[in-house]
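Here's a quick briefing to read with the model open next to you.

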Amino acid sequence: MEVLAKNEPSRCVEVNLDDIPRDLEQWDYDAFATITSTELTPEQEELIVNPPAIYPRQEYVLAVHWHPEFVPMHLIKRRIANMFPNAKDSLIIPTQHNIILDYDGYSGVEVDCYSSGFNRKVQLLLHFQTENLVKSDTLQAMLKHTFLYRSSQLFEFLESLVDPAFEDRRQLAAGKTNTNEELVEFVRIQAGKIKQILMEKEADIPEDAIKNKLVRNYFDAMRELYGDWLINRAQVFIKAVKDIVKEHFSLAYFYKASQVIEEARSIGAGVVIPHPEQFWPILLANYDVDGYEVWNPQSQRYTEFLVNVVTRQNERGWHVKRPLLIFMGDDCHMSEKVKNPKEQKPEKASREIGYQPAWDDPAIRKSLIMYGVNRKRAIEEYKERLS
């Protein structure tokens with residue numbers, strides 16, 4: 001069997017476990033520091049402010065589902081201005097996971113919570129006028145709890161990659177992905193290093209970096225040592241383990257969706273259901289929400305169906321006091337913009353704040369026109385609700 005020792009050129013080979021260092025080296029600490037750093041290089045800043053595409057004909061920018069992550073807001077504002085140079089009106093609200101952030105007087109957050117009726121984790125988008133957050137102590141405490149609990153999944157993820165007690169999870173993932181024992185052990189060794197550094201440096205790591213994708217990013221950094229072929233195979237196995245962890249992650253410690261909605265409403269928040277392909281059955285729960293996301297880059301299958309369902313509910317008067325609005329979510333993750341192309345997820349890297357091509361899709365637009373739905377009207381109506 002041909003082997004690839006550390007620091008040899010990248011090529012399509014199997015890994016020899018005898019060549020894998022078990023102890024932490026300076027490279028490991030440096031790589032960990034790099035992937036958890038929130039500082040941008042001048043080159044990365046240029047990537048942020050200069051988008052690859054410009055949309056001069058789009059006059060209305062509606063973006064109420066996107067994630068700044070560690071990218072500074074002033075750079076994001078420049079990117080949006082460059083992307084839509086002829087915008088007449090906009091509503092742009094960031095929705096970081098379980099952390100409220102502000103953009104020009106509007107704030108938002110994407111909240112993990114629990115739907116008891118469907119016995120599953122769901123997510124809600126909450127939007128506010130920033131000035132209303134002075135009354136948000138209870139909601140902020142709920143979000144802090146949710147953020148910490150959600151972050152704890154990283155530690156269960158690492159245990160599932162490393163600990164003998166979770167051998168069954170690793171074997172299940174290996175069977176699903178046709179991963180051999182040598183590669184499983186390679187991942188176990190490297191995940192053990194992540195766990196050790198994390199325990200040593202946890203107090204100094206930005207809170208937002210303590211999430212599952214830390215594992216993916218660390219393994220991506222090892223491409224310079226072991227090549228794309230080996231790391232790509234490792235990432236497939238790692239994702240399978242992550243999916244198993246998510247399946248077993250207890251929902252008992254999330255707040256119920258109804259509790260989050262009630263607290264958000266008490267301070268004048270707008271509430272939107274995102275991720276239609278995952279959560280569209282929530283339409284049946286009749287939650288007190290402002291609207292539904294009918295399109296998302298990872299959820300495009302039911303868009304026309306959802307447009308019809310939402311508008312029919314409105315026509316039947318199910319939401320007389322607060323008719324349901326139609327939204328589309330770009331679900332842009334800004335950290336993808338500054339990664340090495342080899343380490344990007346193409347489906348995420350292509351997403352842009354305010355760019356939702358479904359609005360202009362001929363088939364979907366036909367239905368939207370029939371119901372008088374467009375970005376301009378959605379912006380005006382939602383601003384009115386948040387005021």
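Before the strands come up, one bit of bookkeeping: two strands pair if DSSP finds at least two bridges between them. Keep in mind that this is a predicted model.

**Strand E7 and its neighbours**

- Strand E7 covers residues 270-273, and strand E6, residues 120-129, is joined to E7 by 3 bridges, with the two running antiparallel.
- Which way do the residues of strand E7 point? Gly270 and Val272 go one way, Val271 and Ile273 go the other way, and all are buried.

**Aromatic pairs**

- Searching the whole structure turns up 13 aromatic pairs.
- One of them is Tyr149 with Phe254: the ring centres are 5.1 Å apart and the planes sit at 75°, so this pair is edge-to-face.
- This pair links distant parts of the chain, with Tyr149 in helix H4 (residues 137-162) and Phe254 in the loop between helix H8 (223-248) and helix H9 (257-266), 105 residues apart.
- Tyr218 and Phe219 make another edge-to-face pair, because their planes are at 75°, with the ring centres 6.4 Å apart.
- Tyr218 is buried, with a relative accessible area of 0%, and Phe219 also counts as buried, at 0% relative accessibility.
- Tyr218 and Phe219 belong to a cluster linked by ring pairs, together with Trp27, Phe186 and Tyr226.

**A lysine over a ring**

- Where does Lys77 lie relative to Tyr103? Lys77 is over the face of the Tyr103 ring, at 5.2 Å from the ring centre.

**Helices H2 and H3**

- Helix H2 (residues 42-49) and helix H3 (residues 73-83) have axes that come within 7 Å and cross at roughly 40°.
- H2 and H3 therefore count as oblique to each other.
- On the H2 side the contact is made by Glu45, Leu47, Ile48 and Val49, and on the H3 side by Leu75, Ile76, Arg78, Arg79 and Asn82.

- Asn178 has phi near 55°, a positive value in a residue other than glycine.
- You'll find Asn178 in the loop between helix H5 (167-177) and helix H6 (181-201).
- Asn178 has a relative accessible area of 70%, so Asn178 is exposed.
- Asp331 also shows a positive phi, near 50°, and again the residue is not glycine.
- Asp331 is in the loop between strand E9 (325-328) and strand E10 (332-333).
- Is Asp331 buried or exposed? At 2% relative accessibility, Asp331 counts as buried.

Note on methods:
Residues numbered from 1 in each chain as written. Predicted model: local features only at pLDDT ≥ 70, side-chain atom pairs only at ≥ 80, totals over all residues. Heavy atoms only, no water. Phe/Tyr/Trp six-rings, centres within 6.5 Å; stacked < 30°, edge-to-face > 60°. Helix = DSSP H or I, 4+ residues; strand = E, 2+ residues; numbered from the N terminus. Buried < 20%, exposed > 50% of the residue type's maximum accessible area, 1.4 Å probe, protein only. Lys NZ or Arg CZ within 6 Å of the ring centre and 35° of its normal. Axes fitted to C-alpha atoms, helices over the stretch in contact; angles between N-to-C directions. Parallel < 35°, antiparallel > 145°, perpendicular 65-115°, else oblique. Contact = heavy atoms within 4.5 Å.
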